[in-house]
Amino acid sequence: DHHKTFIVSVQNDAKPSIFTTHKHWYESSLASVLSPSTPAQVLHVYDTVFHGFSAKLSPTDALNLQTLPHVLAVIPEQVRRLHTTRSPHFLGLQTTDSAGLLKESDFGSDLVIGVLDTGIWPERQSFNDRDLGPVPSKWKGQCVTTKDFGPGSCNKKLIGARFFCSGYEASNGKMNETSEFRSPRDTDGHGTHTASIAAGRYVFPASTLGYAKGVAAGMAPKARLAAYKVCWTAGCFDSDILAAFDAAVADGVDVISLSVGGVVVPYHLDAIAIGAFSAADQGVFVSASAGNGGPGGLTVTNVAPWVATIGAGTIDRDFPADVKLGNGKVVPGVSVYNGPGLSPGRMYPLVYGGTGGGDGYSSSLCLEGSLDPVFVKGKIVVCDRGINSRAAKGEVVKKAGGIGMILANGVFDGEGLVADCHVLPATAVGASNGDEIRGYIDSASKSKSPATATILFKGTRLGVRPAPVVASFSARGPNPETPEILKPDVIAPGLNILAAWPDKVGPSGVSSDSRNTEFNILSGTSMACPHVSGLAALLKAAHPEWSPAAIKSALMTSAYTVDNRGETMLDESNGNTSTVLDFGSGHVHPTKAMDPGLVYDITTMDYIDFLCNSNYTINNIRVLTRKNAHCSGAKRAGHVGNLNYPSLSALVFRRVGQKLNFLVRVQTMAVKLSPGGTSMQAGSIVWSDRKHEVTSPLTVTKQQPI
């Protein structure tokens with residue numbers, strides 16, 4: 001069966017009057033081109049952020065559909081993946097802070113954040129509605145009730161909940177309702193976690209397995225939440241994501257938070273970019289995760305300029321769990337483990353999975369069924385990162401009779417560490433320390449005394465320096481689609497973040513893990529994105545007149561690049577100084593963003609000019625804009641203000657709200673590069689009035705053709 005789901009863009013003023021509904025017209029358009037045996041079934045009808053429908057078609061049907069005069073484009077569907085308590089404090093947001101951001105916006109209680117994710121677990125304390133006023137009168141959304149998501153699931157905090165699965169089921173067949181709910185209820189945990197980061201209420205005491213004890217709170221604790229479930233066991237399907245954008249904007253959300261992504265394609269073929277364009281056009285701020293493909297370059301995703309693209313940094317908290325080797329060396333690691341521990345003072349035999357006979361490759365990674373129980377019984381096993389999940393490796397070791405695990409980074413993971421809720425005593429170490437441990441095992445095997453080790457769990461450590469550090473996994477620039485637009489835009493906390501978690505899902509994510517926990521500690525740009533979604537709601541509450549572009553400008557120009565040692569932030573993957581390609585404008589600084597001094601605003605016409613100048617056709621652009629666009633403004637000539645005078649006297653602002661233009665000229669010197677080689681310089685442009693510093697990073701890349 002070669003049928004795939006396609007998203008079809010239709011001219012929005014072309015419906016013949018004989019059809020009562022758009023759906024009826026779309027079905028008749030389909031029937032006119034489909035082979036007689038194929039049912040003309042419309043999966044979703046879109047009418048708010050996009051004009052058209054989605055349907056399952058053969059490649060021939062798709063080509064035939066494209067020939068109809070009212071069809072602008074037929075877009076193949078992509079499948080997206082998830083980009084999987086001290087952060088408000090670390091960001092400078094405290095409840096007692098009477099003059100700060102939380103105070104000024106009444107904590108954003110008229111604002112609605114739409115979270116497009118795996119759904120939500122509504123019973124969590126993070127979503128209680130104590131002391132919240134009535135639902136905002138502009139809200140048009142609904143709470144879809146089902147047998148497992150009853151009428152009491154929503155309240156004055158969680159004011160909307162919907163699910164979208166037609167695209168998922170069109171590609172995967174009917175869902176298995178014993179393993180996932182056909183409802184807004186979350187069976188994964190990711191959606192509950194991200195929603196509570198954006199807008200969770202104050203919950204005390206909060207912790208995960210006794211780690212990270214304290215008060216849990218989202219960025220905008222009084223903002224309202226609406227959950228749009230678009231992600232299922234097989235992924236998040238474009239046709240469903242676009243339907244959720246359509247519903248969220250029609251429902252009246254102020255902010256859309258999207259912690260999913262896929263491969264980068266041109267904007268007119270990217271359902272997320274299409275949905276976000278119209279959302280921004282209608283005043284909705286869209287925040288999306290940058291992806292977890294770092295630390296390599298060109299890995300950033302969700303790169304459209306009308307989207308806020310969020311990378312991940314560390315916070316000043318970690319969970320040390322060190323490895324003590326038989327030769328007396330102590331190697332640092334991290335872990336969240338609280339089960340029956342290793343006996344204090346006792347050293348255990350230490351082996352490397354890869355030397356246990358059989359297929360050395362799969363046993364080095366501790367893949368399912370690869371470890372020989374005779375080899376690992378009663379021992380601590382070193383496993384390499386890769387292929388299966390980090391926590392699953394621990395389960396493999398445990399099943400084979402191992403007593404503990406050391407998870408070692410490969411060369412590509414570098415020194416980036418993530419703490420996991422392991423199912424046995426286990427810790428994670430960086431690439432160079434992994435080499436050291438394997439080297440010790442190797443040399444010990446050649447001597448009379450075999451290798452031994454133990455793991456020392458140290459609990460929660462606060463006030464860690466340096467912080468923030470750019471997380472190793474955080475996806476990096478340059479922007480593969482539009483190199484001129486630097487992405488990511490900013491970074492926010494994304495490593496070892498504590499947030500709400502559903503029942504019936506073990507904190508490690510391993511199917512045999514039956515532990516229940518109200519909170520869980522996760523890492524990813526998925527966790528960084530909702531931090532910015534919540535902050536955007538607070539900024540919009542404080543400045544209702546600001547456009548999504550103005551809010552993003554405030555967050556970017558006020559961001560910082562210096563860590564708590566007073567030095568430029570480091571890159572966790574190698575310990576070197578990070579660059580604008582890693583952090584964009586820097587780490588968000590909420591309180592400064594409140595009063596940025598000036599903002600760079602962008603209109604829809606500016607984006608259209610941008611698309612024209614990026615060589616998109618008028619047809620491509622209409623797919624994004626839903627209306628007739630033209631490129632007549634794109635080549636506008638220069639004006640007097642472009643004169644490159646040593647002082648920019650033309651740019652004195654005389655009143656609040658005044659808009660002025662300026663031109664940046666970059667002069668470059670020739671450099672000798674090998675064929676295909678590149679050289680990059682970075683700097684910044686700063687506007688200052690002695691009170692505000694408005695910073696924009698600037699990069700210049702020189703490339704030698706191959």
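# A tour of the cysteines

A disulfide here is a pair of cysteine sulfur atoms within 2.5 Å. Cys529 has a relative accessible area of 0% and is therefore buried; buried means under 20% relative accessible area, exposed over 50%, and partly exposed in between, computed with a 1.4 Å probe on protein chains only.

The model on display is predicted, so local features need pLDDT of at least 70 and side-chain atom pairs count only at pLDDT 80 or more, while totals for chains, interfaces and linings use all residues. Residues are numbered from 1 along each chain as its sequence is written, and side-chain values use heavy atoms, with hydrogens and water left out.

**The bonded pairs**

How many disulfides does the structure hold? There are four. Counting the bonded cysteines along the protein chain, the pattern of links is 1-2, 3-4, 5-6, 7-8.

Cys165 takes part in no disulfide, and the nearest cysteine sulfur, in Cys231, is 13 Å away. Cys165 is buried, at 8% relative accessibility.

Next, select Cys143 and Cys154, whose sulfur atoms are 1.7 Å apart in a disulfide. Because the torsion about their S-S bond is about 70°, this disulfide is right-handed. Both cysteines lie in the loop between strand S6 (112-117) and strand S7 (158-163), so the pair ties together parts that are eleven residues apart in sequence. Helices (H or I, at least four residues) and strands (E, at least two) are DSSP runs, numbered from the N terminus.

Move on to Cys231 and Cys236, which are joined by a disulfide with an S to S distance of 2.1 Å. The torsion about this S-S bond of Cys231 and Cys236 is about 105°, so the link is right-handed. Both Cys231 and Cys236 are buried.

Finally, select Cys612 and Cys631, joined by a disulfide with sulfur atoms 1.9 Å apart. Which hand does the link of Cys612 and Cys631 have? With -85° about the S-S bond, the link is left-handed. Cys612 lies in helix H17 (residues 604-613) and Cys631 in the loop between helix H18 (618-625) and strand S29 (678-688), so the pair ties together parts 19 residues apart in sequence. Cys612 is buried, with a relative accessible area of 7%, while Cys631 is partly exposed, at 28%.
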